Amino acid sequence: MKGELWCPDVVKLGVHDEEEGLIGYIYCDLYERSGKDVRTALHTITCGTRSQLPVVVISCSFPFLSPDPSFSYHKITLDQVLTLFHEFGHALHAILGRTTFQHTSGTRGPTDFSEIPSSLLENFISHPEVYSKVIQPSL
C-alpha cells in the first residue's frame, strides 16, 4: 500500500494460517539509517486479541555489508542472524498468541515466559538443514 512503509528497505509480511487465513502482520525494518534508533527490538503496534489482528515491527540496525547496493540481498553476520531469529521468535509469539485482554497478549508477561519462543527459535539456526538454507559462504 503506497505510503504505508516509512522507508524503502522496510518489508511487510502477512502471516497466514491454512484454516484462518490472515492472522497478522510483521514489518521488518532491519537496516541502519540516519536518525534511526540503533537498538534491536520488537515493537507491538496492535496486540493480537480475539477481536483484532496483531501488527508488530522487528527493528534492527544491521549495516549494509553487500559490496554493491543494487544486490537483491544483503549480507549479515552470524550474530546478526541469531539476533534476527531471536526477534522473529518474539514476533511469532505476538502473532500466534490470541488473548481476550491486550495486557496479556504476546510478550506482555513474565520475562522468562516471553523469552522462551525467542530462545527456541535461536536454536533452530544450529540445525544443519536450517543453517544450510540461511548461511551462505562469503562471495
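Modeller: A search of the whole structure finds zero disulfides, a disulfide being a pair of cysteine sulfur atoms within 2.5 Å. A disulfide is a covalent bond between the sulfur atoms of two cysteines. This is a predicted model, in which local features need pLDDT of at least 70 and side-chain atom pairs count only at pLDDT 80 or more, while totals for chains, interfaces and linings use all residues. Residues are numbered from 1 along each chain as its sequence is written, and side-chain values use heavy atoms, with hydrogens and water left out.

Take Cys60. The cysteine sulfur closest to that of Cys60 belongs to Cys28 and lies 8.5 Å away, too far for a bond. Cys60 is buried, at 0% relative accessibility. Here buried means under 20% relative accessible area, exposed means over 50%, and partly exposed is in between (1.4 Å probe, protein chains only). Areas come from the Shrake-Rupley method with a 1.4 Å probe; for residues, only the protein chains shown count as cover. Cys7 is buried too, at 10% relative accessibility.

Now the strand. Strand S4 covers residues 55-62. Helices (H or I, at least four residues) and strands (E, at least two) are DSSP runs, numbered from the N terminus. Eight of the eight residues of S4 are buried, so the strand is largely enclosed by the rest of the structure. In a regular strand the side chains alternate between the two faces of the sheet. Both faces of S4 are covered. One side has Val55, Val57, Ser59 and Ser61, all buried. The other has Val56, Ile58, Cys60 and Phe62, also buried.

What pairs with S4? Two strands pair if DSSP finds at least two bridges between them. Strand S2 (residues 21-31) pairs with S4 in the parallel sense, over six bridges. Strand S3 (residues 41-46) runs antiparallel to S4, joined by five bridges. Val55 of S4 stands opposite Tyr25 and also opposite Thr46.

Next, the charged side chains. The whole structure holds four salt bridges, each a side-chain nitrogen of Lys or Arg within 4 Å of a carboxyl oxygen of Asp or Glu. Asp29, Arg33 and Lys36 are linked in a network of them. Asp29 meets Arg33 at 2.8 Å, N to O. Asp29 also bridges to Lys36, with the closest N and O atoms 3.0 Å apart. Asp29 is buried, with a relative accessible area of 5%. Lys36 is buried as well. Arg33 is partly exposed, at 31%. Another salt bridge joins Arg39 and Asp37, at 2.7 Å, N to O. Arg39 is exposed, at 59% relative accessibility, and Asp37 is partly exposed, at 37%.

Last, the setting. The chain has three helices and four strands. From the N terminus on, the order is β-β-β-β-α-α-α. Buried residues make up 32% of the 139 residues in the chain. Among contacts (heavy atoms within 4.5 Å) between residues at least 6 apart in sequence, 57% join residues at least 24 apart. The accessible surface of the chain comes to about 9000 Å², with 58% of that belonging to carbon and sulfur atoms.
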